[in-house]
Amino acid sequence: MREAEIPFESLDALYASSRSYDTFVTKAVRAVRARARSGDVCYCADGGTFEDRVACVLAGEKGAEVFPGVSKSAAAAAKAGIAGSYTAVSATETDARELTRPLVVYDLADRALAVDVKLALAEQFGDEAPAVFVCGDKAERIFLYEADRMETYDTTCALVLPDEPLLEKKKFDLYDFLAVMRRLRAPDGCPWDRVQTHQSIRINCIEEAYELVDAIDADDPDKMCEEAGDVLMQAAFHTLMEEERGHFTMNDVITGLCRKLIDRHTHVFGQDKAAGADGALSVWEKNKMTEKHQTTYADAVNDVPAVFPALLRAQKIAKRTAKGGWKQTPEEARAGLRAAMDELFAQGESALGAFLYAAAEYAYVTGGDCEQALLDEVRRRQAVYTAFEACVRRDGKDVNALSKEERDAYMGEAERAAQA
């Protein structure tokens, strides 16, 4: 450009003074726009035009003309022996998106950037993922963890991650997971997985969900990770069965989920306002009724899943009837519970259902969770009985041969031991 006496200005100073690549892009676009106000200006970037974020922004300007250049990612892919399709991303953007292999990371301009790229990719593909480091005309096979240990870094450098055979991978993504599930359901796959139906594994969904809840209650991250995977597998299993029948795919499931989250969170993605968690929940419930075409509160009440545990279902119905005008104060709910208890004592088992529902309604009105409360009490009773039996056996006695006085004494001791 100097030999041709074409005046130019480097933006290196802008890059050096920017605290992030996003900041540089903003400054660079502003600088080019300022020059363009006084006449034609050409912004030059090495590599393909649309491999440069500043060029991508400027290409959308009114009157802009694009002169494509040679793609750096394509050149790096060729040197690494990658044929066919691949994912290409700038080294400045590897932590901003989910990536798939084969992958070409171009503009690996300095060691600090190489460190960031290595950390971002290792999270997805593992430290020992095979890679190719391309610099100028040279291509060297390395492991991903070596990406920040090379001698030279400049704008010609790129990191290429070829895809690996499924069984050789150390880390997997959603696509790998679905590939495994499809392989299991294939004609030459697993005989057990092939013959399963929605009905044959329906109870597994409930079992796996309970196991995840159990891991959450235990505050065990490793177990939570494992059980969350099992819940995901159940969702994928049912989805793949419907994919085989041509009804819907995993993309349809994810699309529906994203659409639901956006449509129901209109206080985040729309014009609604929500003050605090209660306000957000009200917006969610309003949008949910609209989405499900529920024109009355009775529609919502009757929409509570019949497979819920009875106590949980009762409290859900109490919640929805309250939103539909059947509201009670804590005092009214307490009086209703007392009346139901009196009926239970007077009529016996025939009034048990009314009493349990009144208890669930009272729990909702007073902000309790009857399902969790009962679970907590069950655990407490287990602990107390364990302590009770230990005390009796300690004294060499038979739990079924105690007098009432002995039983009461041991029960008191057990209660104190369980609380200690």
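Buried means under 20% relative accessible area, exposed means over 50%, and partly exposed covers what lies in between, with a 1.4 Å probe and protein chains only. The views below show a predicted model, in which local features need pLDDT of at least 70 and side-chain atom pairs count only at pLDDT 80 or more, whereas totals for chains, interfaces and linings use all residues. Residues are numbered from 1 along each chain as its sequence is written, and side-chain values use heavy atoms, with hydrogens and water left out.

**View 1. Salt bridge between glutamate 93 and arginine 53**. Glutamate 93 is partly exposed at a relative accessible area of 23%, and arginine 53, at 24%, is likewise classed as partly exposed. The two residues form a salt bridge (a side-chain nitrogen of Lys or Arg within 4 Å of a carboxyl oxygen of Asp or Glu), in which the closest N and O atoms are 2.7 Å apart. Because glutamate 93 sits in the loop between strand 1 (87–90) and strand 2 (103–106) while arginine 53 belongs to helix 3 (residues 53–59), the pair ties together parts that are 40 residues apart in sequence. Helices (H or I, at least four residues) and strands (E, at least two) are DSSP runs, numbered from the N terminus.

**View 2. Salt bridge between aspartate 163 and lysine 169**. The side chains of this pair meet at 3.3 Å, N to O. Aspartate 163 is partly exposed, with a relative accessible area of 40%, whereas lysine 169 is buried at 11%.

**View 3. Salt bridge between arginine 183 and aspartate 188**. Here the N-to-O distance is 3.3 Å; arginine 183 is partly exposed at 46% relative accessible area, and aspartate 188 is exposed at 57%.

**View 4. A network of salt bridges**. Glu377, Arg380, Arg381 and Glu415 are linked with one another in this network. A search of the whole structure finds 30 salt bridges.

View 5. When residues up to four places away in sequence are not counted, lysine 72 touches Asp46, Gly47, Gly48, Glu51, Tyr106, Asp107 and Thr155, where contact means heavy atoms within 4.5 Å.
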